[in-house]
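Colleague: I have a structure to go through with you. Show me how to read it, one feature at a time.

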Number of protein chains: 2
Amino acid sequence: MSQPTPGIPRNTRQRAEVLALLEEIDGFRSPQQLHTALRDRGARVGLTTVYRALQVLVEATEVDTMRLPSGEQLFRRCSPTHHHHLVCRRCNRTVEVAGPAVETWAVAVAAQHGFTEVSHTLEIFGCCADCTGAR
Amino acid sequence: MSQPTPGIPRNTRQRAEVLALLEEIDGFRSPQQLHTALRDRGARVGLTTVYRALQVLVEATEVDTMRLPSGEQLFRRCSPTHHHHLVCRRCNRTVEVAGPAVETWAVAVAAQHGFTEVSHTLEIFGCCADCTGAR
DNA sequence: ATGGATGCAAATATTTTGCATTTTG
DNA sequence: CAAAATGCAAAATATTTGCATCCAT
């Protein structure tokens, strides 16, 4: 009933390059943006590989993923503990924020309505200080 | 500097059919699902028109939109006041929930980090009582 | 050497747009 | 009758998959 079982991820140059790039960036980026940036710095990596590398990295909790209201999926290197994001609409700079109260509230509200196996998504958007000033 | 200015929406049969269908459904649906349902009940409406009707209805706050973590965009008839959704992962049944505390918390956290013009997205997922039992 | 990884092309899926025609107000 | 709306086909996006080849272990 289970899938063929993936196998242990290997350490490849491409995967390392994707992660290295993410380490240097402070904000979410799309697979396209990451691919372009890698090309620009001379790293030869295919777009398909960027997608697959991101999947693996998300799976390994090395990278976080998120979607804009528009649906665009973005990725970012981040800490492994559960948290939410405060993202700048202009420059995509991101601050990780913890919301213990929100977590428990969500579970409580869900329980009140008979829901179990609760999970949630939460993103906060705004205009950061730098971008507000530079306006 | 401004766009050609749209103009006032007109009342068309197709738009009415989309809204009528949404009135009968208790949960989020994709444009595709809505289009298929309309066809099945004999309403002749093009998929493109369903998309455009949904845009207009969302604009008029008659309909709410939301995305699954997978990125699928879904729509649902709902109340015009600000609220969040508690959605069943299995049947998509939806409960509107208010979260005043969350709203203020989001603004406060954002302000602490110098962010202005704050907005946020929040969705709660779980398995509803019916679906848990029928498992 | 074995099987995961890569990269290209092609396939999918989703949403938008051009445009001639129809319909609303 | 002017402008908005429709509905197709085609375009634009975004992401996935087939497959031969490559490379990490």
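Colleague: By what turn and what shift along the axis can chain A be laid on chain B?

Modeller: The general idea comes first. Two copies of a chain are related by a rotation about an axis and a shift along it. Here chain A can be laid on chain B by a turn of 180° and a shift of 0.0 Å along the axis, with an RMSD of 0.0 Å. That is the relation of a two-fold axis. In chain A, the C-alpha nearest the axis belongs to A:Leu122, 2.2 Å from it. The superposition is by least squares on the C-alpha atoms of residues with pLDDT of at least 70 in both copies.

Colleague: What conventions apply?

Modeller: This is a predicted model; local features need pLDDT of at least 70, side-chain atom pairs count only at pLDDT 80 or more, and totals for chains, interfaces and linings use all residues. Residues are numbered from 1 along each chain as its sequence is written, chains are lettered from A and ligands numbered from 1 in the order in which they are written, and side-chain values use heavy atoms, with hydrogens and water left out.

Colleague: How many helices and strands are there in chain A?

Modeller: Helices (H or I, at least four residues) and strands (E, at least two) are DSSP runs, numbered from the N terminus. Chain A has five helices and five strands. Their order from the N terminus is α-α-α-β-β-β-β-α-β-α. The C-alpha trace of chain A spans about 55 × 55 × 25 Å along its principal axes.

Colleague: Which percentage of chain A counts as buried?

Modeller: Buried means under 20% relative accessible area, exposed over 50%, partly exposed in between (1.4 Å probe, protein chains only). Of the 135 residues of chain A, 38% count as buried.

Colleague: What share of the contacts in chain A comes from residues 24 or more positions apart?

Modeller: Contact means heavy atoms within 4.5 Å. Among contacts in chain A with a separation of 6 or more, 51% join residues 24 or more positions apart.

Colleague: How much area do chain A and chain B bury between them?

Modeller: Buried area is the accessible area (1.4 Å probe) that two parts lose on being put together, summed over both. Here it is about 3,000 Å², 62% of it on carbon and sulfur atoms. A:Trp105, A:Phe115 and A:Thr121 supply 21% of the area that chain A buries against chain B, more than any other three residues.

Colleague: Next, the backbone. Which phi does A:Asn92 have, although it is not a glycine?

Modeller: A:Asn92 has a positive phi of about 70°. It sits in the loop between strand S3 (84-88) and strand S4 (94-97) of chain A. A:Asn92 is buried, at a relative accessible area of 19%.

Colleague: And where is A:Glu117 found?

Modeller: A:Glu117 is in strand S5 (residues 116-127) of chain A. It too is not a glycine, and its phi is positive, about 50°. A:Glu117 counts as partly exposed, with 44% relative accessibility.

Colleague: Let us turn to chain B. Is B:Met66 buried or exposed?

Modeller: B:Met66 is buried, at 3% relative accessibility. Its place is in strand S1 (residues 63-67) of chain B. B:Met66 and B:Phe28 are 38 residues apart in sequence, with their C-alpha atoms 8.1 Å apart in space. Beyond four places in sequence, the residues that B:Met66 touches include B:Phe28, B:Leu74, B:Val87 and B:Phe125.

Colleague: Which residues is B:Asp26 in contact with, leaving aside neighbours within four places in sequence?

Modeller: B:Asp26 is in contact with B:Arg76, B:Asn92, B:Arg93 and B:Thr94. B:Asp26 lies in the loop between helix H1 (13-24) and helix H2 (31-40) of chain B. It is partly exposed, with a relative accessible area of 42%. B:Asp26 and B:Arg76 are 50 residues apart along the chain, and their C-alpha atoms are separated by 7.7 Å.
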